[in-house]
Amino acid sequence: MEKINLNDKSLLAYLRGIDDEEILVIHNLNRVEKIISLNFTFKDILYSRNTNLKDNKLILGPFSSIIIEVQ
């Protein structure tokens, strides 16, 4: 497991390898919406709660989470 630094203490993100898959997990631990840009190629969204992902721009609503399979 590798912690990803998003330069925001209210965001928790990590990359985890499972077998031949790479999984990116991001949690917004704040009550304020956050918008971040990501430099990953996405295969599939495995779980999403109160998020919007489009063209590597991720909008995380308050207290939201997303789990993404990346290449």
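This talk walks through one protein model, from its overall makeup to a few of its residues.

Before anything else, please keep in mind that this is a predicted model, in which local features need pLDDT of at least 70 and side-chain atom pairs count only at pLDDT 80 or more, while totals for chains, interfaces and linings use all residues. Residues are numbered from 1 along each chain as its sequence is written, and side-chain values use heavy atoms, with hydrogens and water left out.

Let me begin with the whole chain. The protein has zero helices and six strands, where helices (H or I, at least four residues) and strands (E, at least two) are DSSP runs numbered from the N terminus, and the order of elements is therefore simply written as β-β-β-β-β-β. Its radius of gyration, taken over C-alpha atoms, is 11 Å, and the globule rule, which is 2.2 Å times the number of residues to the power 0.38, gives a value close to that, 11 Å for 71 residues, so the protein is as compact as a globular protein of that length. Along the principal axes, the C-alpha trace spans about 35 × 20 × 20 Å. Of the 71 residues, 32% count as buried, and here buried means under 20% relative accessible area, exposed means over 50%, and partly exposed is in between, with a 1.4 Å probe and protein chains only.

Now to the pairing of strands, for which DSSP has to find at least two bridges between them. Strand β1 (residues 2-4) runs antiparallel to strand β2 (residues 11-18), with three bridges, and Lys3 stands opposite Tyr14 in β2. Six residues lie between the strands of this hairpin, and among them Asn7 has a positive phi near 55°. Strand β2 also pairs with strand β3 (residues 21-28), again in the antiparallel sense and over eight bridges, and one of the residue pairs there is Ala13 with Ile26 in β3.

What lies in the largest nonpolar core, and which residues have the most contacts inside it? The core (buried Ala, Val, Leu, Ile, Met, Phe, Trp, Tyr and Cys residues joined through side-chain atoms within 4.5 Å) has 13 residues, and those with the most contacts inside it are Leu24, Ile26, Ile36, Leu38, Leu58, Leu60 and Ile66. Two or more residues come from each of β2, β3 and β6, and β6 gives the most, with five residues. If we take Leu58 and leave aside residues up to four places away in sequence, its contacts (heavy atoms within 4.5 Å) include Ile26, Ile36, Leu38 and Ile66.

Finally, a search of the whole structure finds two salt bridges, each a side-chain nitrogen of Lys or Arg within 4 Å of a carboxyl oxygen of Asp or Glu. In one of them, Asp8 and Lys34 have their closest N and O atoms 3.0 Å apart, and this pair links the loop between β1 and β2 to strand β4 (residues 34-37), 26 residues apart. Asp8 is partly exposed at 26% relative accessible area, whereas Lys34, at 18%, counts as buried. Glu69 and Lys43 also meet in a salt bridge, at 3.3 Å from N to O, and they link strand β6 with strand β5, 26 residues apart. Glu69 counts as buried because its relative accessibility is 11%.
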